[in-house]
Amino acid sequence: NTILVPIDFSEISMNALDHAVQLAKIYKNEITLLYIFEERPIASILGLGKQNVELIDAIKVKMDTVINPLVQEHGITIKKEVLEGRIYKTIVSMAEEGKYDSIVMGTSGAHRMERIMGSNASKVIRHSTVPVIVVKDKQEETGYEKIVLPIDLTLETRQKVVWAIHIAKKFDSTIHVIFETETDEFVRDKINATVNNVKRMLSDEGVKYEVRSLDDENYPENFSVDTIQYSDEINADLIIIMTQQEKNFSEHIIGSYAQQVVNLSSKTPVMCITPKPSG
């Protein structure tokens, strides 16, 4: 029950840490704050290892200036790690080997690239076996009152619902089940059956929910854009998506839907879950 938070002291990574702190208070989690030096083999060849040691010590001191006030204010446990390696590989392997509950990290999206944020966040989302919560803007108050749950026709959708229920029970959330309106009768019947199954799962667990079909007139773009539009309209607190196996109702989109949602969502945190094999 520990949350892994990569940090590079940028504003975006500090927003992610703040989000993780609020979650840790509610779930009684610990936090591990992780700083990663980019792997540079040339440094050891040139005999620069001593400089790295001195820099690591300085980084640890700087991490303490971040950690200590949070521990005193919130009464949570925050540990620190400084490692060297490929950034996304180090994050993923540490999360798996340490059996972390989740990764909370910042990203600047598609247009702005910082050292940890941006492309590394994308790779972590694709390769992580634990949920990754992606944060951009600072939230004044972390509470998942409104959770957006996009539904497709994959078997993996059920795994996403289970996570949504787990979170909704803790936060007394309302889950907003959304799907795109289909003109094809066969596809429409299948999605309706899937949505009815989701509704039964939520009802059986006593979770509040609303269902919305996104019609072409009000939501004319692709499903990722429509998801963000709806989330912004209701001031959603969290979007839960699956990575790698997302589909629309006529084709595979292998990862592109998830990537677009993460890139487009400027104010709503996105929880990305890698599906386990099923069916």
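How many bridges join strand 2 to strand 3, and which way do the two strands run? The legends below take up this question and others, view by view, for a predicted model.

**Figure 1. Overview of the predicted model.** The protein holds 9 helices and 10 strands. Of its 279 residues, 49% count as buried. The accessible surface comes to about 13,700 Å². Carbon and sulfur atoms hold 48% of that surface. Consider the contacts with a separation of 6 or more: residues 24 or more positions apart account for 78% of them.

Figure 2. Strand 2 spans residues 30-38 and is mostly covered. Of its 9 residues, 7 are buried. The opening question is settled here: 8 bridges join strand 2 to strand 3, and the two run parallel. Tyrosine 35 has valine 82 of strand 3 as its bridge partner. Strand 1 (residues 2-6) is also parallel to strand 2, with 5 bridges between them. Leucine 4 pairs with threonine 32 in strand 2. The chain passes from strand 1 to strand 2 through helix 1 (residues 11-27). This β-α-β crossover is right-handed.

**Figure 3. Aspartate 18 in helix 1.** Is aspartate 18 buried or exposed? Its relative accessibility is 18%, so aspartate 18 counts as buried, the cut-off being under 20%. Lys138 and Gln139 touch aspartate 18, leaving aside residues up to four places away in sequence.

Figure 4. Strand 7 (residues 174-180) and strand 8 run parallel, joined by 7 bridges. Phenylalanine 179 stands opposite serine 213 in strand 8.

**Figure 5. Aspartate 172, with a positive phi.** Aspartate 172 lies in the loop between helix 6 (157-171) and strand 7. Phi of aspartate 172 is near 55°, a positive value in a residue other than glycine. Is aspartate 172 buried or exposed? Aspartate 172 counts as exposed because its relative accessibility is 52%, and the cut-off for exposed is over 50%.

**Figure 6. Asparagine 235, with a positive phi.** Where does asparagine 235 sit? The loop between helix 8 and strand 9 holds asparagine 235. Asparagine 235 has a positive phi of about 55°, although it is not a glycine. The relative accessible area of asparagine 235 is 49%, so this residue is partly exposed.

**Figure 7. Helix 8 packed against helix 9.** The axes of helix 8 and helix 9 are 9 Å apart. The two helices pack at an angle of about 35°. The crossing of helix 8 past helix 9 is right-handed. Which residues meet between the two helices? Helix 8 brings Phe223, Ser224, Val225, Thr227 and Ile228. Helix 9 brings Tyr257, Gln260, Val261 and Leu264.

**Figure 8. Alanine 258 in helix 9.** Helix 9 spans residues 256-264 and includes alanine 258. Is alanine 258 buried or exposed? With 3% relative accessibility, alanine 258 counts as buried. Alanine 258 touches Ile241, Met242 and Thr243, not counting residues up to four places away in sequence. The C-alpha atoms of alanine 258 and serine 224 are separated by 7.7 Å. Along the chain, these two residues are 34 residues apart.

Terms used: Residues are numbered from 1 along each chain as its sequence is written. This is a predicted model: local features need pLDDT of at least 70, side-chain atom pairs count only at pLDDT 80 or more; totals for chains, interfaces and linings use all residues. Side-chain values use heavy atoms; hydrogens and water are left out. Helices (H or I, at least four residues) and strands (E, at least two) are DSSP runs, numbered from the N terminus. Buried means under 20% relative accessible area, exposed over 50%, partly exposed in between (1.4 Å probe, protein chains only). Contact means heavy atoms within 4.5 Å. Two strands pair if DSSP finds at least two bridges between them. A crossover is right-handed if, with the strands pointing away from the viewer, the path from the first strand over the helix to the second runs clockwise. Accessible areas come from the Shrake-Rupley method with a 1.4 Å probe; for residues, only the protein chains shown count as cover. Axes are lines fitted to C-alpha atoms, for helices over the stretch in contact, and angles run from 0 to 180 degrees between N-to-C directions. A crossing is left-handed if the near helix is turned anticlockwise from the far one by less than a right angle, and right-handed if clockwise.
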